[in-house]
Every structure is written in C-alpha cells, then in structure tokens.
Amino acid sequence: MKLTTKLLAATAIVSATSAGAVDLEVMHWWTSGGEAAAVAEFAKAWDATGNTWVDGAIAGGGDVARPVMVSRILGGDPPAAFQFNHGLQAQELIEAGLMLDLTDVAEAEGWEDIVNPPSLLDACTYEGRVYCAPVNIHSWQWMWLSNAAFEKAGLEVPESWTEFVADTEALREAGVVPLAMGGQSWQQSGSFGVMVVALAGLDNWLAVNRDKDASVVRGEAYGEVFQAFADARDMAEGLDVQDWNQATNAVITGDAAAQIMGDWAQGEFAVAGMTAGEDYSCLPGLGEVAILDTGGDAFYFPVVDDPEITAAQKELAALLLSPEVQVAFNSVKGSLPIRGDVDLTTVNECTQKGLDLLAAGNTMPSGNQLISPDVNTQLNDLMTEFWNTPSMTAEDVQERYAQIIESAS
Ligand code: BGC
C-alpha cells in the first residue's frame, strides 16, 4: 500500500462516520471515454459503502499497465486491487504468494453457483484456491461497421468479412479508409486471431493456440489467413492512429468503414450517442463463424500486512460480483455480466447478439487463457513488425509465427 494511501486510509478510519471506512487504490487501464464511464460505476458503488475508491488509471492499454502494476507489487508498494485479463497473466504472482486468497469470499458468496461460464472461475483458481474476482465477459470476435460510411459509398452494410472485402474498392473511391487499425501491437495481433477463427475455423485456432501445433501454422488454412491479413494491411492504409479507441472513433465519424475490435468498442459508440443497428452495425465472428471468446477482466488483490485493508479488499471483491454492480458496470462497458442470473437493463442489438451466443454455448477460450504472457508478447511483436513492414510477405510472417508456436510447445 502506498504510504499516502495508507495515511489516507488511517485518517478515514479515525474520522469516518461509518466505522472501518477504507481507501483502496485500484489500478486498471480503463482510460477511454466508454471505459472511464464504466469504471465510474464501480467507484460509485464502492464509495456508496462508505469506503473510498482511489482511482489508479494507467493510460496506454494493458501492455503498458500490466508491467507498471507488477513492478509496484514486486517493489513492495502494491495497489489494493488491480485489473488483469482472464487467464494466465497473474500466475507467477500467485505462485510467489503475493495475491490474496479469496476462497472464503467465493464460498460465502456462492461464486461456484453463479459465475457463468464456470471457466471464468476456473481461470481465477490455482491449486484449488480462488485468487481473483471476474467482473465481465469481453470477446475479441467482433467487427464494428459505420453505416454512414457504407451509405456514402452507395453500399449495403456487409454481413460478412467476405462481403466486406468485396466493398474495399468502392469504399476507397468514396474516400473512406476500409479498415481502421491502431498502432499498438495487441490490436494487430488480436485482429489476426479473430481472422483465424473466422476464416480458418475454431479447430485450426485451437490446434495452434491450445495444442501449440506449429504444422497447422505452416498449413494451407493458416496460410490463407496470413494472406488475408496482408490484404487487411493494405485496407488500413491512410489512417494513422495509435490507440484502439482512436481507431473506433474513425468508425464513429465514418472516416473508416470498419474495425475488428473487442466489444469494449461498444462503450465508445455509446458515449458518442450512437445507436446499434441505426448508426453502426456489428458482426460477431466477422459474420463468418458465430462465436464469442470468453475473455475479459478480473480483479486481483495483493497481500498486504494490514487486516483492515484485507477486510476491505474482500468486501470489494464481493461487491464487484453483486447483481446491481454487475448490471451497472456491464451495461456501460459493452461487456456481458459474469453471472447468469442477472439481466442487463437495456440491451442493444449487438449486446443481444452476444447474449444469444453465450446462451447457445457458442463460446471459445480467449488467447490469454491458453497462451503465456511471454509467448503472447512474442506474437504481438511479430504481428506489429509485419503490419509495419510492407516488404514482409505473408510467407515470411507465417514461418516466423510457426517458429514461435514451436518454441512454446
Ligand atoms: C480489456 C477491456 C479493455 C480493453 C481495451 C482489454 O484487455 O479486457 O476491458 O476495455 O482491453 O483497453
């Protein structure tokens, strides 16, 4: 705990009208307009308990934020709570005994019965103990489209990646950049993963990401996706933005026609006052393979030597999964709740498509659940190199991708 936060917490304890009011510093990378609005719902709910949410937002996305969080923890100055993605990102911290065991909270709150799909609780569980509080389901498997951009080009909004590709030339003629892509490596690598599932099928994706079968990367189906990704690189020429939400903004303004991005993009459309179906459209699985991955976010709570803080951390963990907070947060965030027993208040047509896929069990694990952070970084680095090096061919990137998967097996 930061000294200032500790002092604040101590002051709060002494002066609070509600006994035991505690300040908790919570670190996350939710800094876009939609994300900030969503995290404000968590802060509001926590503050309403008489405690105080000390917001520790880190700009620049998860790849920037996670190392900062880890260095705070390893440096003995941990925040009270922090966001990671569902999956393997916290494994080493758990193994090192640095994460608070939340098993008693999970048992008292019946998480085993309410968390849906159960794989999200499994992702928090290590050697039978629960170490995180899952807060949402976010899927990467989406494309977002500007209805105005297609109208400008005299086109119907496409219903699949294949139809979209056929529109590229007409979009260019109308002065629209077909595909919006930001400069961060995770955006390029993540989009490629979505294209693999949509164009080569889930079995091939699993063979590579779960079974680490490099021969599948070298095979024909993956080869076609690398080629399609090279074409996507051409489609994105003409838009020079860095952050994912700047790319989403190009779709919002109609400067770009489409973006492959996780459903957190919906938070941006909402903040811009846009209506799903009227102003923008969405294609889960790129309109090719109707599936969602069950990625998303979970909160971890570092071990601190202060019983008051520990009790407050557990109180916050329970609160994040409460029905009211799940509805309030996920309605704004564009994500789906992690409990099957709550209804979002107003659901737009895109969220409804997501809920239907979830209810039908059309789900798959996220990359973070199968690939170690280290291998993920290598793949991100490779895909961004490819994206930024026009002379690098689909065949070049295919072989290097295969080598990374080979060394991960
Ligand atoms: C998180 C989302 C977040 C997105 C962009 C993802 O890793 O799961 O909650 O909105 O990154 O910042």
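Trp144 is buried, its relative accessible area being 0%, where buried means under 20% relative accessible area with a 1.4 Å probe and protein chains only. Trp142 counts as buried too, at 2%. These two tryptophans, Trp142 and Trp144, form a stacked aromatic pair, with 5.1 Å centre to centre and 20 degrees between the planes. Here rings of Phe, Tyr and Trp (its six-membered ring) pair if their centres lie within 6.5 Å, and planes under 30 degrees apart count as stacked.

A word on the ground rules: this is a predicted model, in which local features need pLDDT of at least 70 and side-chain atom pairs count only at pLDDT 80 or more, while totals for chains, interfaces and linings use all residues. Residues are numbered from 1 along each chain as its sequence is written, and side-chain values use heavy atoms, leaving out hydrogens and water.

Now turn to Phe229 and Phe386, another stacked pair, at 6.0 Å centre to centre and 20 degrees between the planes. Phe229 sits in helix α13 (residues 220-235) and Phe386 in helix α20 (residues 373-387), so their pairing ties together parts that are 157 residues apart in sequence; helices are DSSP runs of H or I, at least four residues, numbered from the N terminus. Phe229 is buried, with 0% relative accessible area, and Phe386 is buried with 0% as well. Both belong to one aromatic cluster, together with Phe192, Tyr222, Phe226, Trp387 and Tyr401.

Stepping back, the structure holds 25 aromatic pairs. Of the 409 residues of the protein, 56% count as buried.

Technical notes
Buried < 20%, exposed > 50% of the residue type's maximum accessible area, 1.4 Å probe, protein only. Phe/Tyr/Trp six-rings, centres within 6.5 Å; stacked < 30°, edge-to-face > 60°. Helix = DSSP H or I, 4+ residues; strand = E, 2+ residues; numbered from the N terminus.
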